[in-house]
Amino acid sequence: IIYNLSMNAVKYTATGEIHIACHLSDEYFSVSVRDTGPGMSAETIEKLNDLEFFEFNYATKDNKKYQFGYVIIKDLLRLSNGRMTVKGMPDEGTEVNIHFPMLSGEV
């Protein structure tokens, strides 16, 4: 998941910055991937933040819709009880935060 989010940030940030950070609490392990790339439309962000939405376009030849990776990310998060929030504005970059619940008890 982190690899895919990082590669998306690299792919869409020709110039600018990419920041990857993590945070650990008693309840969650969180990772944030933020870039200063072209950002996403409000419609795309709304679909990404909708836990039930899994239909995205995929790239074919010159089609620039590469959102198929997010279907995989959302499915992996669902399987691991994780969650994702996406923030951003067109021309201002994107921030994707993923959160995984901490396991309680001994492993």
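## Basis of the description

The expected span of a helix is taken as 1.5 Å times one less than its number of residues, and helices (H or I, at least four residues) and strands (E, at least two) are DSSP runs numbered from the N terminus. By this rule the twelve residues of helix 3 should span 16 Å, and the end C-alpha atoms of helix 3 are 17 Å apart, which agrees.

The model is a predicted one, in which local features need pLDDT of at least 70 and side-chain atom pairs count only at pLDDT 80 or more, while totals for chains, interfaces and linings use all residues. Residues are numbered from 1 along each chain as its sequence is written, and side-chain values use heavy atoms, with hydrogens and water left out.

Four strands form an open sheet in the order 1-2-4-3 with antiparallel pairing, where two strands count as paired if DSSP finds at least two bridges between them. Strand 1 (18–24) and strand 3 (83–89) are the edge strands, each pairing on one side only, and the twist from one strand to the next averages 10°, with axes fitted as lines to C-alpha atoms (for helices over the stretch in contact) and angles running from 0 to 180 degrees between N-to-C directions.

Strand 2 (residues 28–35) and strand 4 (residues 93–101) are joined by eight bridges in the antiparallel sense. Within this pairing, serine 30 has histidine 99 of strand 4 as its bridge partner.

## Helices against the sheet

Helix 1 (residues 2–12) lies across strand 1, strand 2 and strand 4, and runs at about 15° to strand 2. Its buried residues are Leu5, Ser6, Asn8 and Ala9, buried meaning under 20% relative accessible area, exposed over 50%, and partly exposed in between (1.4 Å probe, protein chains only). They cover an arc of only 155° around the axis, which puts them on the same side of helix 1; the arc is that of the directions from the helix axis to the C-beta atoms. The cover over these buried residues includes strand 1, strand 2, helix 3 (68–79) and strand 4, contact being defined by heavy atoms within 4.5 Å.

In helix 3, the buried residues are Gly69, Tyr70, Val71, Ile73, Lys74 and Leu77. Helix 1, helix 2, strand 3 and strand 4 are among the elements that cover them.

## The nonpolar core

The largest nonpolar core has 15 residues, and those with the most contacts inside it are Leu5, Tyr70, Met84, Val86, Val96 and Ile98; such a core is a set of buried Ala, Val, Leu, Ile, Met, Phe, Trp, Tyr and Cys residues joined through side-chain atoms within 4.5 Å. Two or more residues of this core come from each of helix 1, strand 2, helix 2 (42–49), helix 3, strand 3 and strand 4.

Leaving aside neighbours within four places in sequence, isoleucine 98 is in contact with Ile1, Ile2, Leu5, Phe29, Ser30, Val31, Leu77, Arg83 and Met84.

## Two loop residues with positive phi

Asparagine 81 lies in the loop between helix 3 and strand 3, and has a positive phi of about 60° although it is not a glycine. At 60% relative accessibility asparagine 81 counts as exposed, and its C-alpha atom is separated by 6.9 Å from that of proline 101, 20 residues apart along the chain.

Aspartate 91, in the loop between strand 3 and strand 4, likewise has a positive phi, of about 70°, without being a glycine. Aspartate 91 is exposed, with a relative accessible area of 70%.
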